[in-house]
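Please read it with the coordinates open.

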Amino acid sequence: MNLPPLTQRFVLHFGEMGSRWGINRTVGQIYALLYVSAKPLNADEVGEALGFSRSNVSMGLKELQSWNLVRLIHQPNDRREYFQAPEDVWAIFRTLAAERRKREIDPTLSMLRDALMEQPSVAEDIHAQERMKQMHAFIELMTDWLDDVQKMDSATLASLMKMGSQVQKLLEMKDKVKNVFTPAKPSTEGADHGQL
């Protein structure tokens with residue numbers, strides 16, 4: 001690898017983490033290099049920096065393009081294709097969330113919807129369908145939340161994340177205020193015996 005020490009450490013780590021996230025090491029390293037690079041790189045520059053063959057770099061770049069994680073850029077008077085990762089980490093987060101949803105969550109929701117339409121006749125399937133109903137409700141709630149997150153601009157999303165446990169305190173306060181302003185229901189104790 002022909003990289004400065006700090007960049008090399010980041011690229012190697014991203015390669016290792018990539019395999020845990022379901023992408024191969026080569027793709028992880030290519031992405032990490034493009035992310036920290038000060039300028040767009042062409043495939044030859046990527047291959048030279050990482051010591052990868054042209055075919056490995058080409059396949060890795062295609063994979064990253066299919067995930068919408070790199071942009072193709074053309075330079076004036078240069079026929080080569082250059083690649084660049086988005087600079088906004090929140091844009092990267094939103095892209096990853098959308099792609100993972102399309103590839104992993106949507107097919108699961110589809111399968112669960114089909115399963116919930118069935119009329120099971122044996123006890124084991126009735127129990128299984130009830131558990132699937134719970135999972136479906138949870139995934140729907142999470143995808144609705146992700147849809148809301150996708151609509152937020154980066155500054156709003158960063159502010160929301162910084163709030164952390166303050167959101168829980170705000171919700172607790174809302175419940176306390178609600179209890180103060182919600183009129184108590186009249187007691188019916190003793191009403192059966194004519195008592196007031």
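**Notes on the predicted model**

1. Q29 has its place in helix α2. Helices here are DSSP runs of H or I of at least four residues, strands are E runs of at least two, and both are numbered from the N terminus. At 5% relative accessibility, Q29 counts as buried; buried means under 20% relative accessible area, exposed means over 50%, and partly exposed is in between (1.4 Å probe, protein chains only). Leaving out residues up to four places away in sequence, Q29 touches M1, V11, L12, G15, L50 and F52, where a contact means heavy atoms within 4.5 Å.

2. On provenance: this is a predicted model, in which local features need pLDDT of at least 70 and side-chain atom pairs count only at pLDDT 80 or more, while totals for chains, interfaces and linings use all residues. Residues are numbered from 1 along each chain as its sequence is written, and side-chain values use heavy atoms, with hydrogens and water left out.

3. The protein chain has 8 helices and 3 strands. Read from the N terminus, the order is α-α-β-α-α-β-β-α-α-α-α. The radius of gyration is 26 Å, well over the 16 Å that the globule rule gives for 196 residues, so the protein chain is more spread out than a compact globule. That radius is taken over C-alpha atoms, and the rule is 2.2 Å times the number of residues to the power 0.38. The C-alpha trace spans about 95 × 45 × 30 Å along its principal axes.

4. Of the 196 residues in the protein chain, 28% count as buried. Of the contacts between residues at least 6 apart in sequence, 54% join residues at least 24 apart. The protein chain exposes about 14,100 Å², with carbon and sulfur atoms supplying 57% of it; areas come from the Shrake-Rupley method with a 1.4 Å probe, and for residues only the protein chains shown count as cover.

5. How many aromatic pairs are there? The count comes to 5, where rings of Phe, Tyr and Trp (its six-membered ring) pair if their centres lie within 6.5 Å; planes under 30 degrees apart count as stacked, over 60 as edge-to-face and the rest as tilted. One of the pairs is F10 with F14, which is tilted, at 5.1 Å centre to centre and 40° between the planes. These two residues are 4 apart in helix α1 (residues 5–20), so about one helical turn separates F10 from F14. F10 is partly exposed at 28% relative accessibility, whereas F14 is buried at 18%.

6. Y31 and Y35 form a stacked pair, with 6.4 Å centre to centre and 25° between the planes. Both sit in helix α2 (residues 25–36), and because they are 4 residues apart, about one helical turn lies between Y31 and Y35. Y31 is buried at 8% relative accessibility, while Y35 is partly exposed at 32%. F10, F14, Y31 and Y35 form one aromatic cluster.

7. Two backbone entries deserve a look. N68, a residue other than glycine, has a positive phi near 60°. N68 lies in the loop between α4 (54–66) and β2 (71–74) and is partly exposed at 45% relative accessibility. N77 likewise has a positive phi near 60°. N77 is found in the loop between β2 and β3 (81–84), and at 87% relative accessibility N77 counts as exposed.
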